[in-house]
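I set out to record, entry by entry, what I looked up in this structure. The model is shown first.

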Amino acid sequence: MRKVWDLIGGVHPPENKHQSVQSCIGTLPLPEKLIIPLNQHIGAPPKLLVAEGDSVLKGQVLAEPNGMVSAGIHAPTSGIISEISAHSIPHPSGMAARCITLVPDGHDRWADIKGVENYREHSPEELLDVIRQAGIVGLGGGGFPTAVKLGTQQSISTLIINSSECEPYITADDMLIREHAKDIVEGIKILSFILGEPEEILIGIEDNKPEAYEALEPYLQDTNIELVEFTTRYPSGGEKQLIQILTGKEVPNGGLPADIGIVCQNIGTTYAVQRAIQQGEPLISRVTTVTGNACETNKNYLVLIGTPISHLLEHSGFDQSKCPRLIMGGPMMGFTLEDLNIPVIKTTNCILAPTGEELPTPPPAQPCIRCGMCAEACPASLLPQQLFWHAQSHNYEHLEAHNLFDCIECGACSYVCPSNIPLVQYYRAAKGEIRKLSLEKINSDRARERFEFQKTRKEKEEAGKAVKREARKKAAEQARAKKANNPSGNTETSPADDIIKAAMARAEAQKASPQEQRAKLERGIVRAESHLESVQKRLNTLEQDATEKQREQALAALEDAQLRLKDAQQKLADLTLPSDTNVSNTEKTVMEKSQASPREALEKKIATLKERIVITLKKIAEADDESLKTALQNGLEKQQTKLKDTEQQLAETPAQTNESTTTPETENAAAAAIARAQAKAADQASMSDEDKLKATVESLQNRLIKAQEKLASAESEGSEHIDAFRSGVEKLQAKLTAAEAQLAQETQ
Amino acid sequence: MYDIIAQYPLSAALVALTGLSVVFGAVLGYAAIKFKVEGDPIVEQIDKLLPQTQCGQCGYPGCRPYAEAIANGDTINKCPPGGQTTINAIADLLDVEAPSLDEEHGEESDVKTVAYIREDECIGCTKCIQACPVDAILGAAKLMHTVIVSECTGCDLCVEPCPVDCIDMLPVAKGPGDWKWDMPATTEEQIKNLHSHDIIATDQNNNDNGKQDGGNAS
Ligand code: SF4
Ligand code: SF4
Ligand code: SF4
Ligand code: SF4
């Protein structure tokens, strides 16, 4: 006999297992519909492969594993996918999640499936892939994908098969062993092969299942598989607890059994692996215990995954009036179900329908009397009483220091507590809070990083701009200095500076010697006239046999020459006009431009463009030559598109109001938004609800007016975004009406 | 050697002790410099506790500036996104009494929201991008913009600048994965929810025949 260690702590609640082992595993007629949740395991949800309306065969893949830790799901019977939508799932939250609804066609036709003939001729990797594709997960309750657990990189010396089934009422594994011992042993051999034949293979079983023990024994002759029986005590079926009982080893804090060379598998999983490898059958059904005094028949069923609980209960003579709460799982670790339409999933080992007397509601909790019974019962050697105090005061640091996360939530402490304190619920809640906080921490760290990054980026941009500005200023200074030394010298400066300087130079020159200037301009006119003449001549000679391109060039040259002449004449006229200011036109424009806000500049640009268009139109009307006309028309089109662009730009440049003139648009948008938000928050704080509503209405009104203005201007300009603006206005209107209605209600 | 020690025991002891103190002094001094522990400056520690929503509701342009302000003596109850949890954590760190949230800066809300741009209505003005403190908006001029949900802190700053009002703050959808157990009801609440036959005489006045509250493990 092998030495077995004692379970640390533990309790022995009434077993209540006899009720459901009286008859063999039963089957049920097909339900009206099967509801198959996409995510029935720990890890990433699988990738959907079917759509609503598809007809599927039994065993067909509905969703394939997506990523490393994931498991696929398969059609439990043949039929039609009627719906893929949110449906409540077996989860303590009672929440809904994505489910596939399958309406069976009644034929139960299998898809083409084929097992692996001799698994020993395949590599462990190939077998692991078969297990993965078959959607097998830990059936003991964890739901962790089996292929991942078996694919461990550590060298494994011990394989432990868990058939302890320590929780009261549940007999699914017991019955499975009694009826399928041979297949189970076959499955254990496959697991052993995949793990590279570990030295030890142990099946752990409690001594309250003698029938299962006897059923297994004959198949273990001539194998190295050892069947180990130990005293019944809850929770011997916990993974770490079972390892401790069978080997005396402890799994390190925060570690995995694989770290000490052990892999643990539930016996139901073993059976599923055998089916998948040798028959090619994916995981589409499982054995589930239906028990409790509110059901007439207590027995185990081979249930298709996705069968609604109501279907199971219907065939068990369930009396709802006798059952104050329906439990999925056992009385120690299970959770209450609110909805009878919840389906059975891969990890559902028991549906417990107890009567009120059978499992009474715990009486109200009383103060802790510090008896220490909880610490004695705890199989994880924790101090439940201390954890309870810290959980109550939300002292997460101390909770973690007391190894809260080693708690397996077995409920042994709550079970023994004479004050009826629901201890395990405190631990569950505290764990959830700590997990949530650490997640928030990760998110906030990332947000901080991104915020700091943006800040440095903006600073860099700003610094770059400052450097450029500095350089420009320096250059201007240099130029000025140079000019002071050498007034006639040409300097290299930015274009705007150039123009201003040139204009100033011209003005000076004008002032200095108008005579000279005049003569110069007259000479210019003569030159321009002769140039024009020559161009005209060239055009005339081309007339007969020129290509289109040449003609165009010539025409352009003509135009250019004409302009130049006009320019020169204009200048002369300007000069002859008595001018009391020595600032030239160019200078004026440049100065105006540099002073004008972006919006004014744009408006000015539009005005000049419009003028130019008018002139061009006139020219077209006057032109008698056909080719000249086309050239002019081309120009006109270009001017028009430019005008449109500029108008567009104008529409996007916000009208400057008094407050925002000081805000350079791009850089301080964020700051401005923050300021606005602050002002809003500050205002709201000092207001009553009604005032707040009023303020909302007011701000909405303002926004509406703004939006309407924008719309009007967009309409007048024929902007392409009219629709967007219009819907914006409509939305605002709707919001405003709603707010006003609320306000009206409030004031009543 | 021994003779000298035997002859002048007092001086020998003095010399030995002085020598020892010099040696240990040198070793300790060296260790103090070599293995100096860099303390986490208080601003860093406070900043770590703030939610990093970067919304500016506290009156400072971001969480870090507020952390600096706290380090310089500002009150610790100005951050609505962090709410009471953050206030408690900072109070714990600074070892002061935890005040309740200053309503002047906004109210705490337990629904986390993220921005959502109705993409077919976006005109590509880039205004929201400029307002987002964590670069959570993706887009370019005149092109459709969108929010990277995983990066959005729900600070609300992008909603106002949008000229066509196409940004909504939507609550984050919760699935079973985000769910957590609640703390059990207190004894008083439990007694309130009990049936009359379940309670003892002294509890009678609290009885209101409510629904039985199912505990989990017995
Ligand atoms: S629920 Fe946790 S603390 Fe309580 S006995 Fe079980 S392991 Fe120990
Ligand atoms: S068993 Fe209950 S009453 Fe006793 S010490 Fe633990 S929590 Fe307190
Ligand atoms: S109110 Fe809170 S979240 Fe917002 S910027 Fe200030 S510290 Fe950060
Ligand atoms: S997308 Fe909007 S709400 Fe989200 S972080 Fe950026 S500015 Fe804040």
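The entries below cover conventions, ligand surroundings, strands, backbone geometry and cavities.

**Conventions.** I note that residues are numbered from 1 along each chain as its sequence is written, and that chains are lettered from A and ligands numbered from 1 in the order in which they are written. This is a predicted model, in which local features need pLDDT of at least 70, side-chain atom pairs count only at pLDDT 80 or more, and totals for chains, interfaces and linings use all residues; side-chain values use heavy atoms, with hydrogens and water left out.

**Ligand 1.** I looked up the residues near this ligand, where near means that a heavy atom of the residue lies within 4 Å of the molecule. The residues around ligand 1 include A:C378, A:P379, A:C407, A:E409, A:C410 and A:C413. Helices α11 (412–416) and α12 (423–485) of chain A each supply at least two residues of this shell. I take helices (H or I, at least four residues) and strands (E, at least two) as DSSP runs, numbered from the N terminus. By class, the shell around ligand 1 holds 10 nonpolar, 1 polar and 1 charged residues. In this count Ala, Val, Leu, Ile, Met, Phe, Trp, Tyr, Cys and Pro are nonpolar, Asp, Glu, Lys and Arg are charged, and the others, Gly among them, are polar.

**Ligand 3.** Which of the 13 residues around ligand 3 come nearest? I found B:C55, B:G56, B:C58, B:C63 and B:C79. The shell around ligand 3 divides into 8 nonpolar, 5 polar and no charged residues.

**Strands of chain A.** I count two strands as paired if DSSP finds at least two bridges between them. An open antiparallel sheet of 4 strands runs in the order β2-β8-β7-β4 in chain A. Its edge strands, each pairing on one side only, are β2 (34–37) and β4 (55–56). Strand β4(A) meets β7 (residues 79–88) over 2 antiparallel bridges, and A:V56 has A:G79 in β7(A) as its bridge partner.

I then turned to β10 (residues 200–206) of chain A, which runs parallel to β11(A) and is joined to it by 6 bridges. One of the bridge pairs is A:I201 with A:I225. With helix α4 (residues 210–216), these two strands make a right-handed β-α-β unit; right-handed means that, with the strands pointing away from the viewer, the path from the first strand over the helix to the second runs clockwise.

**Backbone geometry.** Most residues other than glycine have a negative phi, and most peptide bonds are trans. I recorded a cis peptide bond between A:Y234 and A:P235, with omega about -5°. A:P235 lies in the loop between β11 (225–230) and α5 (239–247) of chain A.

Phi of B:K142 is near 65°, and this residue sits in the loop between β2 (137–138) and β3 (146–147) of chain B. B:D165 also has a positive phi, about 55°, in the loop between β3 and β4 (167–171) of chain B. Is each buried or exposed? B:K142 is exposed at 55% relative accessibility, whereas B:D165 is buried at 4%. The cut-offs are under 20% relative accessible area for buried and over 50% for exposed, with partly exposed in between (1.4 Å probe, protein chains only).

**Cavities.** I found 7 cavities of 30 Å³ or more. A cavity is a set of points, on a 1 Å grid over the protein atoms alone, where a 1.4 Å probe fits but cannot get out; lining residues have an atom within 4 Å of a point. Grid points are joined across faces, edges and corners, and a volume is the space filled by probe spheres set on the points. The largest cavity holds about 100 Å³. Among its 13 lining residues, A:C368, A:C374, A:C417, A:I421 and A:L423 lie nearest its centre.

Key. 1 Å grid on protein atoms, 1.4 Å probe; cavity = no way out; pocket = protein on both sides within 12 Å on 5 of 7 lines; lining within 4 Å.
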